[in-house]
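Please open the structure in your viewer and keep the selection tool at hand.

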Amino acid sequence: MPDTIHMDVPKSVAAGLVNALSFPAMVLSGQLRITAANTPARALFEIELAGKDFVRVLRHPDALDCLNRVVQSGEPETVTMELRFTTRRTFELSAGLITLPPEDIILVTLADVSAEIDAERSRSTFVANVSHELRSPLTTLMGAVETLQGPARDDPKARDMFLGLMANETARMSRLVGDLLSLAKLEAKEHVAPAGRVDITALIKSVIASLEASRADYPGRAVMTAAGGLAAVRGDADELTEVFQNLIENALKYSTPGSPVKIDILQRPSATPGRKDKLVVTIADAGEGMERKHLGRLTERFYRVDKGRSREMGGTGLGLAISKHILNRHRGRMVFDSKVGVGTRVTVTLNIIG
Ligand SMILES: Nc1ncnc2c1ncn2[C@@H]1O[C@H](COP(=O)(O)OP(=O)(O)OP(=O)(O)O)[C@@H](O)[C@H]1O
Ligand SMILES: [Mg+2]
């Protein structure tokens with residue numbers, strides 16, 4: 001059959017072509033039958049591809065349209081499409097015609113661009129969030145300035161009130177910009193492990209003291225219990241201070257005034273022989289608690305369970321995102337456990353210097 005003679009030459013060339021590529025690639029005949037497919041392509045579809053009809057393997061109308069256009073025009077084309085394997089993922093399918101007499105063949109490659117799309121989506125969400133967070137204090141400031149220029153110009157009482165409001169809003173913006181900068185710095189050095197030596201018991205003691213000095217309803221609520229002779233952890237003291245300051249402050253501020261916050265520090269022997277022990281810090285409050293659905297999202301930037309409450313307390317919603325970055329850099333862990341109406345417990349695990 002002439003078809004067999006025609007296919008013979010391209011088949012070996014086709015196999016050579018796709019095997020030279022490290023991403024999913026296939027060669028199709030002019031009739032869109034798969035002549036050759038490389039290992040990444042077979043792994044993606046989890047079936048043997050050679051000899052199959054491409055349209056039946058990749059059932060997507062955009063892919064078929066793209067191939068038809070390539071066959072007709074001879075020009076290469078790329079289309080982006082969602083394909084469902086175990087999960088839904090976004091692929092860029094590129095197709096180009098190769099003239100290999102006696103037949104034209106089509107080289108098809110697939111690139112998984114889901115990560116880029118996710119990154120782009122989270123970048124634009126982030127920019128939208130930052131703009132939104134800055135807009136509300138700016139609106140308040142603009143309103144206050146207008147009032148001070150107009151109706152309140154000669155009213156000393158109103159002037160004081162508006163200046164107080166402006167001071168609060170500028171402080172909020174300054175905190176937000178500070179937190180954004182520290183997030184950016186942490187992201188840049190996330191892969192560099194810290195080299196310092198930190199006494200966590202002393203660090204938490206000083207965090208409690210500084211929190212107690214910051215608000216009238218905090219003193220006496222946070223109680224720390226630590227086993228004696230705890231080893232030091234490998235870390236950066238300033239960064240770990242930021243983590244525990246945020247966690248202990250969250251426990252204090254998202255619970256009823258006067259309710260206790262229990263902080264326990266212990267050394268947990270490693271289950272694997274030869275591995276170093278861990279230092280485990282738990283911070284438990286008897287506060288309002290959170291529903292389970294929130295727990296996995298707490299470390300997202302600007303994620304707040306109760307938006308009004310957090311803003312009213314002056315929070316930026318970046319505290320836990322910063323804490324998570326710091327702990328990643330420390331190769332540490334942070335786990336949340338919470339029950340509505342009962343309270344929240346955060347467990348932080350750090351590596352000790354053995
Ligand atoms: N112990 C807790 N109890 C109840 N809710 C909590 C607790 N810790 C955190 N949350 C919830 O998680 C959200 C995110 O916390 P995060 O520390 O990131 O931000 P924040 O406290 O609002 O602001 P910031 O830390 O910048 O002051 C909070 O707004 C709050 O809704
Ligand atoms: Mg916080």
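A pocket, on a 1 Å grid over the protein atoms alone, is an open set of points with protein on both sides within 12 Å along at least five of seven lines, and its lining residues have an atom within 4 Å of a point. Grid points are joined across faces, edges and corners, and a volume is the space filled by probe spheres set on the points.

The model is predicted: local features need pLDDT of at least 70, side-chain atom pairs count only at pLDDT 80 or more, and totals for chains, interfaces and linings use all residues. Residues are numbered from 1 along each chain as its sequence is written, chains are lettered from A and ligands numbered from 1 in the order in which they are written, and side-chain values use heavy atoms, with hydrogens and water left out.

**First stop: the largest pocket**

The largest pocket holds about 890 Å³ of space. Select Asn-246, Asn-250, Lys-253, Tyr-254 and Gly-319, which are the closest to its centre among the 39 lining residues. Next, colour α8, the source of nine lining residues, the largest share. Helices (DSSP runs of H or I, at least four residues) and strands (E, at least two) are numbered from the N terminus. At least two lining residues each also come from α6 (156-188), β10 (278-285), α11 and β12 (343-351).

**Second stop: ligand 1**

Ligand 1 sits in this largest pocket, in the sense that more than half of its atoms lie within 2 Å of the grid points.

Now display distances for polar contacts (pairs of N or O atoms within 3.5 Å). One oxygen atom of ligand 1 is 2.9 Å from a polar side-chain atom of Asn-250. A polar backbone atom of Leu-320 lies 2.7 Å from an oxygen atom of ligand 1.

A cavity is a set of grid points where a 1.4 Å probe fits but cannot get out. The structure holds one cavity of 30 Å³ or more.

Methods:
Polar contact = N/O pair within 3.5 Å; in protein donor to acceptor, adjacent residues only side chain to side chain.
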